[in-house]
Amino acid sequence: WSAEEMPLPPVLVLQVWDNDLFSKDDWLGEVELDLNEFDQPTLRASDALLPAPRPAECMENCEFKNGSCVRKKCKRKEPINIFKAKRAKGWVPCGGFQRNDPEFEEVNGIRRKKIILSGRIEIEMELLTKAEAEAKPVGKGRKEPNAFPFLPKPNRPPTSFFWLTSPLKALRYIIWTNYWQYIIILTILAIAIAYLIVFLYHSPYFMNDKAFNSDGSGTATSSPSTSGMGTNSE
C-alpha cells in the first residue's frame, strides 16, 4: 500500500435517526455488518433478534453444519460473506439504548449502557463489479431510476405525520376518527342553542308588532261599519 492509502475492514454501518422538525434529530439505533462475516438476514421481521451470548467454546470459532452451529448451546447461524455470496436480503436487528432510564451493564470491565433491540431494518444488498454497476444505474433513495432493487414507498399508517405541518390531516385522522360522535353532538347542540338565542332575542319585537297590528286593524274595521250604518239611516 502507498503512503496515501490505508486498508480498512469492510464494515457497513446502518443507522436509524428520527426526523424532528424543530429539535435536534435523535439517534435511535444502528447495526454494523462486517461484510466478510455477518449473520444471515431473516425472512421474517419477528425473527430478527440481537445475537444471543455464545458459549466460551464458540467465542473464537463455531463449527457449522447445515447452516447452524453443531453445539447445542450455540444458536448461531452460519454467517454470510458478501464477497462470496454476492447478494443478501432480509431483516437485520437494530441495537440501541433505552432512552428513558437506561440500564447499564459491564463488558470487559467497562460499564456501559445496555444494548437493546430498538428496531429492525429490511436490507437488500448486491455486490457488483464496476462494469455491472454501470450497466445497472440506480438513483439515490427512491429517485429514478428506481431499480436493482426497486424501493416501494413505506407502508406507514395514515397518522404518521407531524400535526403542526399537516393540520387538516390531524383534524381528519386524529380528532375526527376518535371523537366524531362528540363532534356531531356538540354541533347539533350549538345549532339548537343558536336558534334559541335568536328566537329569544327577536321574540319581544314579534310580540309587539303583532299587538300593534291587531289594534290598528280593529279600528280600521269599526270605522267603515259605523259610517255605513249612518248612511243607511239617512
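Where is leucine 49 placed? Select leucine 49 to start: the residue is in the loop between strand E2 (27-34) and strand E3 (64-65). Helices (H or I, at least four residues) and strands (E, at least two) are DSSP runs, numbered from the N terminus.

Before moving on, a word on the model. It is predicted, so local features need pLDDT of at least 70 and side-chain atom pairs count only at pLDDT 80 or more, while totals for chains, interfaces and linings use all residues. Residues are numbered from 1 along each chain as its sequence is written, and side-chain values use heavy atoms, with hydrogens and water left out.

**Stop 1: leucine 49**

Leucine 49 counts as exposed because its relative accessibility is 51%. The cut-offs: buried means under 20% relative accessible area, exposed over 50%, partly exposed in between (1.4 Å probe, protein chains only). Now show its contacts (heavy atoms within 4.5 Å). Leaving aside neighbours within four places in sequence, leucine 49 is in contact with Pro93, Leu117 and Arg120.

**Stop 2: aspartate 18**

Go to the loop between strand E1 (11-17) and E2, where aspartate 18 lies. Is aspartate 18 buried or exposed? Aspartate 18 counts as buried, because its relative accessibility is 18%. Select Asp25, Asp26 and Leu28: aspartate 18 touches these, not counting residues up to four places away in sequence. Then zoom in on aspartate 26. Its backbone nitrogen lies 2.5 Å from a polar atom of the aspartate 18 side chain.

**Stop 3: the rings**

How many aromatic pairs does a search of the whole structure find? The search finds one. Select tryptophan 27 and phenylalanine 97: they form a tilted pair, 5.5 Å centre to centre, with 45° between the planes. The pair links distant parts of the chain, 70 residues apart. Tryptophan 27 is in strand E2, and phenylalanine 97 is in the loop between strand E5 (87-96) and strand E6 (104-107). For the terms, rings of Phe, Tyr and Trp (its six-membered ring) pair if their centres lie within 6.5 Å; planes under 30 degrees apart count as stacked, over 60 as edge-to-face and the rest as tilted. Tryptophan 27 counts as partly exposed at 26% relative accessibility. Phenylalanine 97 also counts as partly exposed, at 34%.

Next, select phenylalanine 104 and arginine 111. The charged end of arginine 111 sits over the phenylalanine 104 ring, 4.2 Å from its centre. That label requires NZ of Lys or CZ of Arg within 6 Å of the ring centre and within 35 degrees of the ring normal.

**Stop 4: salt bridges**

Side chains of opposite charge can pair when their charged atoms come close. A salt bridge is a side-chain nitrogen of Lys or Arg within 4 Å of a carboxyl oxygen of Asp or Glu. A search of the whole structure finds four; here are some of them.

- Select arginine 44 and aspartate 47. Their closest N and O atoms are 3.0 Å apart. Arginine 44 is exposed at 54%, and aspartate 47 partly exposed at 37%.
- Select glutamate 124 and arginine 87. Their side chains meet at 2.5 Å, N to O. Glutamate 124 is in strand E8 (residues 116-126) and arginine 87 in strand E5, 37 residues apart.
- Select glutamate 126 and lysine 136. Their side chains meet at 3.9 Å, N to O. Glutamate 126 is in strand E8, and lysine 136 in the loop between helix H2 (130-135) and helix H3 (167-233).

Note on methods:
A polar contact is a pair of N or O atoms within 3.5 Å; within protein, one must be able to donate a hydrogen and the other to accept it, and residues adjacent in sequence count only if both atoms are side-chain atoms.
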